[in-house]
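Student: I am new to this one. Could you walk me through it, please?

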Amino acid sequence: MSLEKPYSDIPGTVIFDADQARKGYHLNQFCMSLMKADNRTRFKQDERAYLDEWPMSEDQKRAVLTRDYNRMIELGGNIYFLAKLFSTDGKSFQYTAATMTGMTQEAYATMMLNGGRSPEGNRRVGEAPAKEGK
Amino acid sequence: MARITAGVATSHVPAIGAALDNGRAAEPYWKPLFAGYDFSKDWIARQKPDVAVLVYNDHASAFSLDIVPTFAIGCAASFQPADEGWGPRPVPAVAGHPELASHIAQSVIQQDFDLTIVNRMDVDHGLTVPMSLMFGQPERWPVRVIPLAVNVVLFPPPSGRRCFELGKAIRRAVESFDEDINVQVWGTGGMSHQLQGPRAGLINREWDNRWLDRLIDDPEELAKMPHIEYLREAGSEGVELVMWLIMRGALDARVRTMHRFYHVPASNTAVGHIILENGQ
């Protein structure tokens with residue numbers, strides 16, 4: 001019997017559940033390793049070589065190298081672990097969130113100042129298209 | 001006997017801590033947010049709690065994916081601010097209360113809540129940002145803290161019902177502790193926010209405020225809300241709000257609302273804050 005996942009129809013959202021955590025274990029633990037300054041230095045010196053020390057899939061490694069956060073999340077990454085990676089790059093939560101929405105950081109920040117992304121049209125896949133801000 | 005006098009709940013957005021630590025609290029972006037805590041600082045200076053049971057979640061700081069406890073209670077004498085990847089926050093170490101923490105652990109395990117006992121851990125922004133919001137920037141924190149870490153990162157978190165009942169069990173535990181001390185329970189995290197994917201930036205002001213109304217007046221029913229409603233209405237990270245139900249469960253059925261504040265945005269997040277007192 002498979003796990004019940006009533007959240008699979010929420011648009012633009014991957015819930016970090018047991019299946020995702022299993023897929024993403026090494027990806028997330030790699031991110032965790034970046035909490036140590038020595039590891040950050042080694043990673044920055046040669047990202048590919050550092051990644052090759054981890055039993056991650058080629059897809060996961062490629063997503064890290066290209067900083068494709070949506071892809072990392074799809075492949076089992078969790079945002080709080082991925083935070084160690086974008087912090088290593090000197091980037092903020094808001095910058096990273098913006099890149100995942102396809103918006104510029106400026107447009108995203110403006111949307112937040114205007115009250116954020118409305119839940120209207122964003123509750124279920126197939127609803128009327130989302131309006132940003134409100 | 002020890003008694004629980006009040007509950008405090010607040011969001012724990014890391015950018016709030018960074019704004020304070022970097023001297024940016026008076027900037028136009030942050031000023032209205034910090035103003036929402038002016039009452040709270042005066043209030044807590046008058047209340048002088050001896051201990052806060054501080055319910056929060058760790059964000060891949062103390063717990064990696066190697067070990068993921070659903071409920072973990074900190075029984076140590078002190079807890080250091082965690083290095084979350086950019087150095088620890090410049091805030092004081094957090095003094096624990098090992099006697100009361102151990103007493104709560106033993107009592108609630110005997111009430112069927114299987115807590116994980118932690119004797120060494122660092123505490124991240126989930127715990128230290130609420131401290132900063134309530135106390136500002138003192139040399140030493142004026143309260144001892146029992147950290148209660150709840151897993152809300154790896155789905156599923158504990159249910160709202162389970163959290164609410166744990167609050168009740170913590171209250172029974174505190175009230176059976178012999179020392180005459182003033183204890184508060186704090187719930188942190190939330191309110192609506194989503195940090196990941198194309199739906200990042202979701203905020204649901206109406207839903208958040210209805211949720212606050214029900215937290216005050218109808219918590220038993222609110223505790224039955226399934227996770228899917230949090231995820232759909234309040235964003236993938238909005239589910240942190242179940243932690244507020246532990247605070248609410250530790251209070252009387254009827255409470256006095258001393259303060260209520262709501263503000264959008266802090267970075268990606270809707271900030272909620274509430275102070276409730278037991279009514280006797």
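Tutor: Gladly, and we start with a definition: two strands pair if DSSP finds at least two bridges between them. Helices (H or I, at least four residues) and strands (E, at least two) are DSSP runs, numbered from the N terminus. This is a predicted model, where local features need pLDDT of at least 70, side-chain atom pairs count only at pLDDT 80 or more, and totals for chains, interfaces and linings use all residues. Residues are numbered from 1 along each chain as its sequence is written, while chains are lettered from A and ligands numbered from 1 in the order in which they are written.

Student: Which residue is the bridge partner of Val51(B) in β8(B)?

Tutor: Strand β2 (residues 51-56) of chain B pairs with strand β8 (residues 182-188) of chain B in the parallel sense, over five bridges. In β8(B), the partner of Val51(B) is Val183(B).

Student: Which strands stand at the edges of the sheet in chain B?

Tutor: The open sheet has eight strands with mixed pairing, in the order β6-β3-β7-β2-β8-β1-β10-β9 (chain B). An edge strand has a single partner, so one side of it is left without a neighbour in the sheet. In chain B these strands are β6 (116-118) and β9 (255-266).

Student: Are α6(B) and α10(B) roughly parallel or roughly antiparallel to each other?

Tutor: The axes (lines fitted to C-alpha atoms over the stretch in contact, with angles from 0 to 180 degrees between N-to-C directions) of helix α6 (residues 160-175) of chain B and helix α10 (residues 242-249) of chain B come within 6 Å and cross at roughly 30°. Angles under 35 degrees count as roughly parallel, over 145 as roughly antiparallel, 65 to 115 as roughly perpendicular and the rest as oblique. The two helices, α6(B) and α10(B), are therefore roughly parallel.

Student: Which element gives the most to the side of chain B that touches chain A?

Tutor: Residues are in contact if their C-beta atoms, placed from the backbone, lie within 7 Å, and the contact takes 32 residues from chain B and 43 residues from chain A. On the chain B side, α9 (227-234) and β9 each supply at least two residues. With four residues, the element that gives the most is α9(B).

Student: How far apart do the C-alpha centres of domain 1 and domain 2 of chain A lie?

Tutor: Chain A is divided into domain 1 (16-90) and domain 2 (92-124), with bounds from an automatic or database domain assignment. Their contact takes four residues from each of domain 1 and domain 2 of chain A. The C-alpha centres of these two domains lie apart by 23 Å.

Note on methods: Contact = placed C-beta atoms within 7 Å.
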